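I opened a new notebook page for this protein. I wanted its overall build before any single residue.

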Amino acid sequence: MASGNFSHAKEGLFTGVGAVLMWWDSIAIALVLLLGVPHGGLDAAVARRVGWPAGVLPWLYFHVAYIGLALLVVGLWWWLPLLSLSLFLLISAIHFAASDLVGHQRQWLPWIAHAGLITVAVPVLQREAVEPLFALLVGGDAAALMQILTMVFPLWLLSLVGYCMVSYRQRSYRKPLSQLMALLLCALVLPPLVTFAVYFCLSHSPGHMRREWQQLKQQDRRRGIYELVSYTLLAWAAGGAVFWLLSGTPSALWLQITFIGLAALTVPHMLLVDWASNKREASGV
């Protein structure tokens, strides 16, 4: 969808939004913003840990690159929203699996099962609730994306069955499998945004922050705290500024700001924690 078409689609983007976003959805979005967004606040510390040079100019280069990548994602979403949402689901699947199974061998069945829980199972199991949310994020019909996810869902179920068999043989997988099954139960009984908030705020974000904090050198922890607080406040301020500048139903705006913002921040975040950090560990440096 070209940018002009997307702008045209935005005219009807918020029509009837009250029937889409309920009060529990607003609470879920607020929790994601307040408790989930801060987990990327240690990215600068991660960059230093994986070898980013010290000094003023390298510090500036890092922030220019980080913000530049985020803005490119926002621009792509504005230009090709449906493709951007599809790519966001894909990279989120990879990122969530990497986070859920950190420290485990990279076996395909557990990885596919964890990767597809939030990105495939939740949308398919809660299709009637998720499809309107996707439509708000892409400014149009998201039926094609839902059809693809519906086709992938049986493969995800097979991976889950295989994962159970793997965990029977390898006890180390039983804890992450039990967490995945608990979240699957949430997906069956709770609204989709609430399920996402439970996972993102209670599992993904705390686990990530705990691991990154433990890997920080003692002398870098005080600076890391300052950065975490500063970057979180800046992210909230940026979201607030965008909300103030745009027009539309508040709940729909916050939905778009939250998930497009997450997509924008996930790309540089993944490059640091899922690529650069893992590459450095693999090299034994």
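My entries follow, from the whole chain down to single residues.

**Ground rules.** I am working with a predicted model, where local features need pLDDT of at least 70, side-chain atom pairs count only at pLDDT 80 or more, and totals for chains, interfaces and linings use all residues. Residues are numbered from 1 along each chain as its sequence is written, and side-chain values use heavy atoms, with hydrogens and water left out.

**Entry 1: the whole chain.** I looked up the secondary structure and found twelve helices and zero strands. Helices and strands here are DSSP runs numbered from the N terminus, with at least four residues (H or I) for a helix and at least two (E) for a strand. Read from the N terminus, the order is α-α-α-α-α-α-α-α-α-α-α-α.

I then checked burial. Of the 285 residues, 46% are buried. Buried means under 20% relative accessible area, exposed means over 50%, and partly exposed lies in between (1.4 Å probe, protein chains only). The accessible surface comes to about 14800 Å², and carbon and sulfur atoms hold 71% of that. These areas come from the Shrake-Rupley method with a 1.4 Å probe; for residues, only the protein chains shown count as cover.

Next I took contacts, meaning heavy atoms within 4.5 Å. Among contacts between residues at least 6 apart in sequence, 77% join residues at least 24 apart.

**Entry 2: the cores.** Which residues have the most contacts inside the largest nonpolar core? They are Leu85, Phe134 and Leu255, in a core of 60 residues. Helix H6 (residues 108–125) gives the largest share of this core, nine residues. I noted the term: a nonpolar core is a set of buried Ala, Val, Leu, Ile, Met, Phe, Trp, Tyr and Cys residues joined through side-chain atoms within 4.5 Å. A second, separate core has eight residues, including Ala44, Val46, Ala47 and Tyr66. In soluble globular proteins, nonpolar side chains tend to be buried together.

Setting aside neighbours within four places in sequence, Leu85 contacts Trp77, Phe134, Leu137, Val138 and Leu145.

**Entry 3: H6 against H7.** I looked up how H6 packs on helix H7 (residues 127–138). Their axes are 5 Å apart, at an angle of about 115°. H6 is therefore roughly perpendicular to H7. Axes are lines fitted to C-alpha atoms, for helices over the stretch in contact, and angles run from 0 to 180 degrees between N-to-C directions. Under 35 degrees counts as roughly parallel, over 145 as roughly antiparallel, 65 to 115 as roughly perpendicular, and the rest as oblique.

From H6, the contact uses Val122, Pro123, Val124 and Leu125; from H7, Arg127, Val130 and Phe134. By class I noted six nonpolar, no polar and one charged residues. In this scheme Ala, Val, Leu, Ile, Met, Phe, Trp, Tyr, Cys and Pro are nonpolar, Asp, Glu, Lys and Arg are charged, and the others, Gly among them, are polar.

**Entry 4: H4 against H5.** At what angle do the axes of helix H4 (residues 56–79) and helix H5 (residues 81–100) cross? They cross at roughly 130° and come within 5 Å. That makes H4 oblique to H5. Leu76, Trp77, Trp78 and Trp79 of H4 meet Pro81, Ser84, Leu85, Leu87 and Phe88 of H5. The classes are eight nonpolar, one polar and no charged.

**Entry 5: two residues of H5.** Is Pro81 buried or exposed? Pro81, in H5, is buried, because its relative accessible area is 1%. Its C-alpha lies 7.4 Å from that of Gly139, 58 residues away along the chain.

Ser86 is also in H5. At 26% relative accessibility, Ser86 counts as partly exposed.

Entry 6: I found Trp254 in helix H12 (residues 250–283). Trp254 is partly exposed, at 27% relative accessible area. Not counting residues up to four places away in sequence, Trp254 touches Ile29, Leu33, Gly239, Gly240 and Phe243. Phe243 is eleven residues from Trp254 in sequence and 7.2 Å away, C-alpha to C-alpha.

Last, I checked Ser178, in helix H9 (residues 174–189). Ser178 is partly exposed, with a relative accessible area of 43%.
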